[in-house]
Amino acid sequence: RRKLRSDVAAAFPNLSAEQLSEFIPNKEELNVIKIYSHKGEAVTVYMNHRNPILFEVEKALYPTVYTLWVYPDLLPAFSTWSPVLQKLAGGADLMLPGVVVPPSGFPQVEQGTLCAVTLVGNRAPVAIAVATMSTAEMVAAGMKGKGFAVLHTYLDHLWEHGDKSCPPTLAPLGPDCAAKEGTGDEEEQEGNKPVSSSSPAPGQPVDIRDLSLKEQDSCGELGKEELPENRAAEPVENASTEEQQEAEDSRTPQEQMDALLTQCFFHALKCKVKKSELPLLTSTFLRSHMFSCCPAGQQLDIKKSSYKKFSKFLQYMQNQKILQVKELNKGVESIVEVDWKHPDIRAFAVPEGLSSASAAQDSKSEEREQVYHAPEIIPLYGVSTKMIPLFQESGHRKGSILSSSEVRNIIINYVKTNELVHEANKNFVKVNAILCDCLLDKSEQDEISHLTWDDLLSRCLERLQPLHQVTFFGQDPVVRKGTIEPIDITIAQRSSNKKVTIIKNLELYGLDPQSVANILQQKVQASATLTPVPGAKDRAQVQIQGNQIHHLAKMLLEEFQLPRKYIQGLEKAPKLGRKK
């Protein structure tokens with residue numbers, strides 16, 4: 001017991017002598033059990049009051065969530081969103097896109113530092129993890145990749161060895177709740193002190209799904225009091241119309257634009273956006289939802305507001321716990337979560353002139369527009385230097401872009417104009433000097449004097465520069481070089497003989513990799529992650545556990561209506577066993 005106390009003191013120097021004696025008591029019963037992890041590692045667990053308080057792996061001591069609920073400031077803490085907890089408890093590590101950036105910034109940690117993981121709005125840790133990189137490296141990586149290797153979580157088997165209690169509700173100590181803590185009441189002053197075993201946590205244990213909501217509501221109200229100029233102007237029942245008009249006139253143009261921006265934001269969230277649309281690209285949210293909420297006679301201009309950029313405005317709303325924004329690629333952000341019960345959303349009233357009926361009708365029409373439409377892909381051909389003599393008679397120069405039917409018509413007209421059709425057999429075309437130079441290899445020029453029509457056309461298409469035109473729904477056509485890469489589906493082998501399905505090139509077809517990952521995750525109930533595509537800038541690939549090609553084929557071919565020729569790897573689907 002004395003050695004254990006000295007080991008704990010060395011591992012956690014933040015503990016005071018009094019807290020250490022409470023943590024490892026002299027006279028109370030302390031049990032030691034040995035369990036084995038899924039990997040076969042021996043784990044020593046120290047039990048006190050029926051709860052595991054420490055576990056030891058390879059001579060390293062780690063606290064359990066029961067211990068951190070008593071000493072929540074024992075480890076540097078990083079926050080994530082409530083839905084992530086289920087994935088962590090299932091064995092997933094914490095990825096950096098799921099880590100919430102607090103207004104005060106991250107705690108400074110180094111690679112290998114033991115950290116606590118909390119949920120937004122509640123300081124009670126729900127997981128213990130080891131940082132895979134330093135804080136500076138996380139920021140330098142653009143908050144992408146794996147940030148923490150999770151060792152133990154609330155709801156896992158180690159937690160089940162205890163009394164299975166739920167995390168307490170501990171108020172955050174961040175700046176969002178500074179006004180609440182500064183009122184001078186005794187209860188609020190106690191919220192600033194570290195929780196010990198002698199002072200119970202404020203509030204009774206509650207269901208984990210309610211943890212973030214309560215704190216978000218309280219912090220959201222405080223944010224509204226601190227920055228009233230950034231909130232939509234709400235109608236005051238007792239104020240006259242003249243007084244409201246005078247208040248509006250007294251505002252600067254920038255303040256008026258801030259109010260209009262916030263009004264359109266809450267109007268779009270309350271009447272336009274549906275939960276089924278999430279994740280939603282921020283550009284789509286602004287263009288298709290917020291602009292349509294702008295009152296007649298007014299124009300929404302982000303640059304004339306105090307935020308200057310829409311991303312900064314959304315970052316402010318994220319700090320107010322109203323929504324969560326995630327960066328998919330460089331410069332491409334998506335709204336992944338909205339707190340529909342937030343008091344600011346509930347309190348917003350639709351301005352006069354925009355009735356709820358018309359808003360609901362607009363929402364339905366926009367919801368139909370948000371349905372994925374497969375792009376129209378047309379192969380094109382550019383006139384190369386070698387093929388100029390063949391196409392200059394028809395008025396085309398180097399770089400001219402033609403469709404396959406246009407190429408066919410030009411070749412047919414050239415053959416007929418130059419009387420190259422074989423007299424005895426019209427299925428053959430005589431090869432003149434230009435056709436010989438353009439279409440025949442050097443080894444063939446002395447041997448071939450006639451070509452079939454099919455051979456002539458295929459040789460011509462092969463020697464033209466390949467291009468393709470992509471037309472997305474509601475957008476102008478885009479011409480790109482080369483042939484379009486198909487959606488590539490591969491199966492890879494991981495440790496313990498486990499298989500994963502990897503999907504690439506979704507962006508080329510207007511598909512958001514994060515959205516595809518979320519849909520697959522719901523359909524197959526398996527962990528899905530995004531990783532950068534090696535050698536491709538700003539491209540991501542979806543990786544999901546198991547061989548999921550059957551589900552992918554159904555989604556891409558039936559739901560998204562993509563042609564099979566643009567999907568590669570469907571033949572690798574597992575063979576279904578015969579039903580008995």
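This is a predicted model: local features need pLDDT of at least 70, side-chain atom pairs count only at pLDDT 80 or more; totals for chains, interfaces and linings use all residues.
Take leucine 4: leaving aside residues up to four places away in sequence, leucine 4 touches Ile24, Leu30, Tyr46, Leu54 and Leu61. As background, nonpolar side chains in soluble globular proteins tend to be buried together.

Now, the charged pairs. I'll go through a few.

Arginine 459 meets glutamate 444 in a salt bridge, 3.1 Å from N to O. That pair links distant parts of the chain: arginine 459 is in helix H19, while glutamate 444 sits in the loop between helix H18 and strand E17, and they're 15 residues apart. So are these two buried or exposed? Arginine 459 has 12% relative accessibility, so it counts as buried, and glutamate 444, at 18%, counts as buried too.

Arginine 459 also forms a salt bridge with aspartate 455, again with 3.1 Å between the closest N and O atoms. Those two are about one helical turn apart, because they're four residues apart in helix H19. Aspartate 455 is partly exposed, at 26%.

Last pair: lysine 523 and glutamate 559, with the closest N and O atoms 2.9 Å apart. Lysine 523 lies in helix H20 and glutamate 559 in helix H21, so this bridge ties together parts 36 residues apart in sequence. Lysine 523 is partly exposed at 40%, and glutamate 559 is partly exposed at 41%.

Methods. Residues are numbered from 1 along each chain as its sequence is written. Side-chain values use heavy atoms; hydrogens and water are left out. Contact means heavy atoms within 4.5 Å. A salt bridge is a side-chain nitrogen of Lys or Arg within 4 Å of a carboxyl oxygen of Asp or Glu. Buried means under 20% relative accessible area, exposed over 50%, partly exposed in between (1.4 Å probe, protein chains only).
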